[in-house]
Amino acid sequence: MDMSDAVIVNSSRLKSDVWNDFDRVKKGDTFVAICRHCKKKLSGSSTSGTSHLRNHLRRCQIRPNHGISTYFSPREKRKERSLALVTVDHQQKKDEVLNVGNLINEQKQFKSETVNSGSSNLDQRRSQFDLARMIILHGYPLSMVEHVGFKVFVKNLQPLFELVTFNKVEADCLEIYANEKQKVYEVFDKLPGKISVSADTQIAAEDAEYLCLTAHYIDGDWQLKKKTLNFLLIEPSYTEDMHSEAIMTTLMEWDIDRKLFSMIFDSSTSDTIVERIRDRLSQNRFLYCNGQLFDVRCVVNLLNHMVEDIMEALSEVAQKIRESIRYVKSSQETQAVFSGLAQEFLDQSKNCLCLDNPLRWNSTYFMLEVALEYREAFSQLRERDPDNMKFLPSDLEWSRVSTIAGYLKLFVEITSIFTRNKNPTANIFFPEVCDLHLQLIEWCKDPDDCINSLAAKMRKKFDDYWEKCSLCLALAAMLDPRFKMKLLDYYYPQIYGDSASELIDDVFECIKALYNEHSIVSPLATLDQGLAWEVKGSAGSITGSGKDSRDRLMGFDKFLHETGQNQSSKSDLDKYLEEPLFPRNADFNILNWWKVHTPRYPILSMMARNILGIPMSKISSESAFSTEGRMLDVNWRSLRPTTVQALMCSQDWIRGELES
């Protein structure tokens, strides 16, 4: 539009503050609003209002952002203030094309602009911490703050934000770690019960790994929680003494050595390391039952080690089955022939042939299970095409695969039960482990030497685990009101035969000893003693008769005290075991049960809190079937060890807060 003969209209009658940034010009009968910053022409008619002018000022690239909040509506301002964390959708639209050249030019343009941040509403420090928390929470690389695309994105989003360097965001992450660590200290200080600590490792490189200690506990609301304590780099040169010393240092640094109930290790962890830690703690008498419950081994880790024996025994025949499946899938013609044979000998199987992932042992089980269904079809295909099917397993090999696949099926089922809950309580493990024990006894009786030798190899590993952990498993089962001592009465005769009753008595003696130790430290025990002394001390002064030692009702007071003691002489443990079993149902929550029944069993509930909080398995569902160790994320692998620890611990603590 030619504006040569346009006339600027006096703006004194224009009340909206928007006209501080626009000139209202009249050309003929038309009013035009011209932006004083970018010279863009918009409608200036009185009937058009000013909303479109405000919208332009928010987006104007030339106008400085000083005072931009003036042009937001009250509702938009509230939304702006409440927005603390922006979730970024990583799925970009296909039609969005990033022109890097234009972005770099825009970045230079922003650098040349002078912005007065002192008068803006931007909280630079808070925004920096929000950025650091985002990196921690999602595991982003710290170097992202120096990426060109990220810098341009931030400047377009908020030109007032002062971009940070790698070193600055690293320092912010360390500060967040220090603040979050103080919160965890306070949580541990207020815990009503004991803490169990699991030890795990993550591989950082070929010759280095990190030791991760995690605290597990049941809080005051009877919720099972966990907190990462450390993430320490363990050099290949570390000795067993150095390992145990690193663990003890962490426990004392967190001041939880006196609160420790048990530690959970891998089944392959050296006994020497465990013994040294137990001896240090026992010197100060911090452990219950003389440390009998201190050394607990991860049951899912045990299952994975037993599966390794199975995979080794199956290696040759599993490879033959893989080659057979590959040939069937090699061409459409072969697949058609095989499908025809399968229809003749198979009753409408819904399972399709599939190759396994060697890094996930449950996928090997599924491959073998389906291959066994198509066994007859494979045999018929070999008769038609003997040259290409020469690697098919023999009848004896098929028979062994069938037997060993049954073993794997049990391992898959048990592992799934143990890992289907993120934080399983200790009571669920005893019946499953006992069933596995009974199966191993039967497998060792197999007449096939190949099978029984494999079973014997697995049973040796299991027996080592059972010797260390059976007592802890039995205690947890006893504290389940649906089972109490009945599970031991059911399983032990099947496992031990005639010697079962003696072993059950041994377990019960340990239960009583553990209960007595809890009663000593219970506030209730101190209260009972105080009341008893109060009765004795005030026995002669409650009648108000004015008589001292000659009070005729002193004998009556003594009678009341003695009969009252006899009536309440039953312990929590006795009352709990005498009462009927709680009905078994799918919705049962053992922690809720103990929370409700704490007033009835105050001492036994303390014991339940400590026992049920033991993580009998410390492996997540994502890693449960993996044949390789956990790897540290590549984004953080090259950082300094102190930074890695800060990031890993803070990530766990922040995620825990969000989940709760």
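Predicted model: local features only at pLDDT ≥ 70, side-chain atom pairs only at ≥ 80, totals over all residues.
We can start with charge. Side chains of opposite charge can pair when their charged atoms come close. A search of the whole structure finds 37 salt bridges. One of them joins Asp 266 to Lys 618, with the closest N and O atoms 2.5 Å apart. Asp 266 sits in the loop between strand 8 (260-265) and helix 8 (271-283), while Lys 618 belongs to the loop between helix 22 (602-612) and helix 23, so this pair ties together parts that are 352 residues apart in sequence. Asp 266 counts as buried because its relative accessibility is 16%, under the 20% limit. Lys 618 is buried too, at 13%.

Now look at Glu 578 and Lys 570, whose closest N and O atoms are 3.0 Å apart in another salt bridge. Here Glu 578 is exposed, at 53% relative accessibility, and Lys 570 is partly exposed, at 45%. Salt bridges can also share partners: Arg 125, Lys 168, Asp 172 and Glu 175 are joined into one network this way.

Next, find Gln 645 in helix 23 (residues 641-659). Gln 645 is buried, with a relative accessible area of 16%. Leaving aside residues up to four places away in sequence, Gln 645 touches Tyr 177, Asn 230, Phe 231 and Leu 232.

Helix 10 (332-345) and helix 12 (375-384) each supply at least two lining residues, and helix 10 gives the most, with 3.

Methods:
Residues numbered from 1 in each chain as written. Heavy atoms only, no water. Helix = DSSP H or I, 4+ residues; strand = E, 2+ residues; numbered from the N terminus. Buried < 20%, exposed > 50% of the residue type's maximum accessible area, 1.4 Å probe, protein only. Contact = heavy atoms within 4.5 Å. Salt bridge = Lys/Arg side-chain N within 4 Å of Asp/Glu carboxyl O.
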